[in-house]
Amino acid sequence: MGKIVAGIGISHVPSIGPAYDKKRFNEPDWKPLFDGLAPVKKWLAEEVRPDVALVVYNDHGCDFGLDRVPTFAIGTLDEYEQADEGFGLRPLANVPGDDKLSWFLSQQLVYNDFDMTIVQEMKLDHGFMVPMPLLFTHDPAWSVKTVPLVVNVIQHPIPTGRRCLHLGRAIRKAVEAYPHDTRVAIIGTGGMSHQLHGERFGHLNSEFDNYWLDKIESDPEELAQISHTELMSKAGAEAVELIMWLTMRGAMTEKVRRVHRTYYAPMTTGMAVISFVDA
Ligand code: FE
């Protein structure tokens, strides 16, 4: 049977990618971030040992153009290549896909009222590729297969936090109905407080970020009631990406046990990782 074995909320700031590739782990600007992430990666590799990383993320207009924007989409490939966002490809192997699980989840989610767009050609941008090597070993082959699940947070109207939380619940039900022994870690990735344009460029709200980290653990329903307007006004326009953390949380039990929590806000955006197992 399928089983959700961990849930992880994590930011996906683009600059982390090159810092990781250049091994800037001990440079003063990066050390607090990487020191916070290392125990999570070790825990996943040694204790959780997932077979699959189900990554709930957003494309940033790189692979999905604005001509067609699905609200929710699921990749069904057996291997995924990186997308080139204009800075060249990172030194990372293609990520193997669990296509059988993808097709099973697609069917279950559609039959449970989540009308997924089924994607058979897909490349992964930094929304996916930044968190992956921070969490999973790749030496050079990846230690997990993946199912990528894309949420539209780019082109309004975007789905509500409430809908994202309910999607997580449907994902859990679907994973548990999977008739093969498969250990699934679900990742919800999106930037915390930040705004990258206009008069409020650089807006950061650490108080809000820490409130989010508190509530994603104890009361995700409260977070799911926050409107996009409120989220964007408090934490910056791009903080609306946080709704994807609610999908991860919806796939966990109502009460959870937190294993890790770290937060670092050096400059223009809050960076965090939080991990849970079922209580
Ligand atoms: Fe993003």
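Trainee: Where is threonine 76 found?
Mentor: Threonine 76 is in the loop between strand E3 (72-75) and strand E4 (79-82). Strands (E, at least two residues) and helices (H or I, at least four) are DSSP runs, numbered from the N terminus. This is a predicted model: local features need pLDDT of at least 70, side-chain atom pairs count only at pLDDT 80 or more, and totals for chains, interfaces and linings use all residues. Residues are numbered from 1 along each chain as its sequence is written, and side-chain values use heavy atoms, with hydrogens and water left out.

Trainee: Is threonine 76 buried or exposed?
Mentor: Threonine 76 is buried, at 7% relative accessible area. Buried means under 20%, exposed over 50%, partly exposed in between (1.4 Å probe, protein chains only).

Trainee: What does threonine 76 touch?
Mentor: Leaving out residues up to four places away in sequence, its contacts include Asp99, Trp103 and Val119. Contact means heavy atoms within 4.5 Å. A polar atom of the threonine 76 side chain also lies 2.8 Å from the backbone oxygen of valine 119.

Trainee: New topic. What order do the strands of the open sheet take?
Mentor: The 8 strands run E6-E3-E8-E2-E9-E1-E11-E10, with mixed pairing. Two strands pair if DSSP finds at least two bridges between them.

Trainee: Which strands stand at the edges?
Mentor: Strand E6 (117-119) and strand E10 (256-264). Each has a single partner strand, so one side of each is left without a neighbour in the sheet.

Trainee: How many bridges join E10 and E11?
Mentor: E10 pairs with strand E11 (residues 271-278) over 8 bridges, in the antiparallel sense. Tyrosine 264 has methionine 271 in E11 as its bridge partner.

Trainee: Now rings. How many aromatic pairs does the structure hold?
Mentor: There are 9 aromatic pairs. One of them joins phenylalanine 25 and phenylalanine 34, edge-to-face, 4.9 Å centre to centre and 80 degrees between the planes. Rings of Phe, Tyr and Trp (its six-membered ring) pair if their centres lie within 6.5 Å; planes under 30 degrees apart are stacked, over 60 edge-to-face, the rest tilted.

Trainee: Which of those two phenylalanines is buried, and which is partly exposed?
Mentor: Phenylalanine 34 is buried at 7%. Phenylalanine 25 is partly exposed at 28%.

Trainee: Which residues do ring pairs link into a cluster?
Mentor: Tyr20, Phe25, Trp30 and Phe34.

Terms used. Polar contact = N/O pair within 3.5 Å; in protein donor to acceptor, adjacent residues only side chain to side chain.
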